[in-house]
Amino acid sequence: MRLLIVEDDRQLREALTDLLRQSGFEVDAFAAGDQAFNALLSHDYDLAIVDLGLPGMDGLALVRSLRRQLRGLPILVVTARDALEDRVAGLDAGADDYLVKPFQLQELEARVRALLRRHRADRNAQIRIGALVLTPGEPRVSLGGVAVDLPASEFALLEALAVRAGRVVRRDDLADRLGRGTEPPSDTAIEVCVHRLRRRLSPLGLKVRTLRGFGYLLELPGDE
Ligand code: CA
């Protein structure tokens, strides 16, 4: 599980980072909203913890942009301002939960775990993209109404692309996913796997686009 924290208060940022790392999470921490935004768009995170009062790109603006571009990302907002309007604004902007400072670090961890659990349950719901129906975690997919058992590597690849359909999945994130527990696969191995998937998907009008040197993208039907 990889988390992102954006918090400009260095002490709090470091305390949160330490705590969550000790609890077994991978954590990337940022002091500024725009840095956090760029990181979130280019890597695969499971959850973001966003301080509302940030210099530069304000936390609320960040949450709003994230909701537009990363619909499925769970967001926990933290705010020093104990004003009701701030909390309401945070939730309105698309945050999933909020905490008011000062809070117990254990409380934050409990909220993070609860959000991740909720999100996992949502993720187990089916994903439909045109003629493709996929249930995350279940290697049997439906292609044009026909149930197909995919080899593990092809399923892992398709799942990663489908969960982020319409957005780029970075090559290194795919390598992490495909090589889970073992050696990450070579670029050629990924290429071969993508090629096999394309052969299955193209008769259904579904396209996997290559972004050279960067990654792959499963186009949403109707996208150019
Ligand atoms: Ca702050």
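Buried here stands for a relative accessible area under 20%, exposed for over 50%, and partly exposed for values in between, with a 1.4 Å probe and protein chains only. In a regular strand the side chains alternate between the two faces of the sheet. Strands (E, at least two residues) and helices (H or I, at least four) are DSSP runs, numbered from the N terminus.

The model is a predicted one, in which local features need pLDDT of at least 70 and side-chain atom pairs count only at pLDDT 80 or more, while totals for chains, interfaces and linings use all residues. Residues are numbered from 1 along each chain as its sequence is written, and side-chain values use heavy atoms, with hydrogens and water left out.

**The sheet that contains S8**

S8 belongs to an open sheet of 4 strands with the order S6-S7-S8-S9 and antiparallel pairing, where two strands pair if DSSP finds at least two bridges between them. Strand S6 (127-129) and strand S9 (146-149) stand at the edges with a single partner strand each, so one side of each has no neighbour in the sheet. On average, and with direction ignored, neighbouring strands of this sheet are turned by 25 degrees against each other. The pairings are listed below.

| Strand pair | Bridges | Sense |
|---|---|---|
| S6 and S7 | 3 bridges | antiparallel |
| S7 and S8 | 2 bridges | antiparallel |
| S8 and S9 | 4 bridges | antiparallel |

Arg 128 stands opposite Val 133 in S7. Leu 143 of S8 is the bridge partner of Leu 132, and Leu 143 also has Val 146 in S9 as a bridge partner. In the hairpin of S7 and S8, with 5 residues between the strands, Gly 137 takes a positive phi near 90 degrees; in the hairpin of S8 and S9, with 2 residues between the strands, Gly 144 takes a positive phi near 60 degrees.

S10 and strand S12 (residues 215-218) run antiparallel and are joined by 3 bridges, and Val 169 has Tyr 216 in S12 as its bridge partner.

Axes are lines fitted to C-alpha atoms, for helices over the stretch in contact, and angles run from 0 to 180 degrees between N-to-C directions; contact means heavy atoms within 4.5 Å. The buried residues of H7 are Arg 171, Asp 173, Leu 174 and Ala 175, and they pack against S1, helix H2 (33-42), H6, S10, helix H8 (187-201) and S12.

**The calcium site and its surroundings**

The calcium ion is coordinated at 2.2 to 2.4 Å by Asp 8 (OD), Asp 51 (OD) and Gly 53 (O). Donors are N, O and S atoms within 2.8 Å of the metal (3.2 Å for Na, K and Ca), and water is not among the atoms, so sites may look incomplete. The spacing of the donor residues in sequence is D-x42-D-x1-G. Asp 8 lies in the loop between strand S1 (2-6) and helix H1 (10-22), and Gly 53 in the loop between strand S3 (47-51) and helix H3 (59-69), so the pair ties together parts that are 45 residues apart in sequence. Asp 8 is partly exposed, with a relative accessible area of 34%, and Gly 53 is likewise partly exposed, at 37%.

Glu 7 is placed in the loop between S1 and H1 and counts as buried at 1% relative accessibility. Leaving aside residues up to four places away in sequence, Glu 7 touches several residues, among them Asp 51, Leu 54 and Lys 101. The peptide bond from Lys 101 to Pro 102 is cis, with omega near -5 degrees, and Pro 102 is placed in the loop between strand S5 (97-100) and helix H5 (105-123).
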